[in-house]
Amino acid sequence: MVQYVPVDRTFAALADPTRRLVLERLGSGSATISELAQPFGMSLTGMKKHVRVLEETQLVATEKVGRTRLCHLGPRRLDDVQMWVETYRQMVNEQLDRFGDVLDRTKGE
Amino acid sequence: MTVDEKSPHAVSFTKPSDLEFRVERTFDHPIERVWAAYTDPALIPQWWGQGTTVDRLDLRTGGSWRFVSNPGTDKESAVSGDFLEVSPPDRLVQTFGMEGSYGKPFIQTIELERVGDGTRLAITSRFDTTEERDGVVAYGAEKGAIGGWARLDAVLKRLAAG
């Protein structure tokens, strides 16, 4: 089940290029932490940190398989309406903030 | 001075019905000034975003309007519509179409209301179906994300397809 995750945390998770590439990689199938770390020449510990951030925002889910941890895409998707509503609200918020600035600036003209 | 001490200028986003969404915000300016600024073609490019220019704005009932965003770039897009009702300083009803992209034009009602010394601006968008409404929210969010979130957007699209 998809739990509520604040959108800014999701975007923070996605702001990192390594994590975006990890998601792209997982889009084509599950992978272990070491399989994810290898192309980046990254330590397992380093990759584990990235995976944990993605897991916390439900962009990635993991499961223990024997002695390795298998990663795949999590339940969070583009069709998460709540996420779009929040993104849209933020966009309108910025637009109307600018409108408020224009009102302040043109005061007395 | 402010209407709501906690967050005087926060935008509220609500769905008053299955076919509508509404955005509301309060400004610390008289209603006449808010109306004049909101409908001033010289000011619109300063707050609309995405390098928007006003191609046409014939502010009268039966008139029409057209804004072009990111003109002259590969992200150029246009929104346009007709004014169904122009009643300064408190009510403007228009159609709102996104040219060459998502969905049919919808009806946007802009209402201004005096609140203390300030003005509450409410923009209600009404659609033929709930699906169109939610689609426009998603599309609008995606358009808004074009700036800083362009690369992220591409990732999300791939995720949705996968």
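Here are my entries, starting with the ground rules.

I'm working from a predicted model, where local features need pLDDT of at least 70, side-chain atom pairs count only at pLDDT 80 or more, and totals for chains, interfaces and linings use all residues. Residues are numbered from 1 along each chain as its sequence is written, chains are lettered from A and ligands numbered from 1 in the order written, and side-chain values use heavy atoms, with hydrogens and water left out.

I looked up Arg67(A) and found it in the loop between β2 (60-65) and β3 (68-73) (strands are DSSP E runs of at least two residues, helices H or I runs of at least four, numbered from the N terminus). Arg67(A) counts as exposed because its relative accessibility is 84% (exposed is over 50%, buried under 20%, partly exposed in between, with a 1.4 Å probe and protein chains only). I also noted that Arg67(A) belongs to a positive surface patch with Lys48(A), Lys49(A), Arg52(A), Lys64(A) and Arg69(A) (patch residues have over 30% relative accessible area and no salt bridge, with like charges joined within 9 Å; a salt bridge is a Lys or Arg side-chain nitrogen within 4 Å of an Asp or Glu carboxyl oxygen). Helix α4 (residues 44-56) gives the most to the patch, three residues.

**Chain B, layout.** I read off four helices and eight strands. Of its 162 residues, 44% count as buried.

**Chain B, Glu111.** I placed Glu111(B) in strand β7 (residues 106-115). Glu111(B) is partly exposed, at 31% relative accessible area. Pro88(B) is 23 residues from Glu111(B) in sequence and 9.8 Å away, C-alpha to C-alpha.

Notes
Patch = residues over 30% accessible without salt bridge, like charges linked within 9 Å, V, L, I, M, F, W, Y side chains within 5 Å. Areas by Shrake-Rupley, 256 points an atom, 1.4 Å probe, with all protein chains shown as cover. Lys, Arg positive; Asp, Glu negative; His and termini not counted. Charge placed at Lys NZ, Arg CZ, Asp CG, Glu CD.
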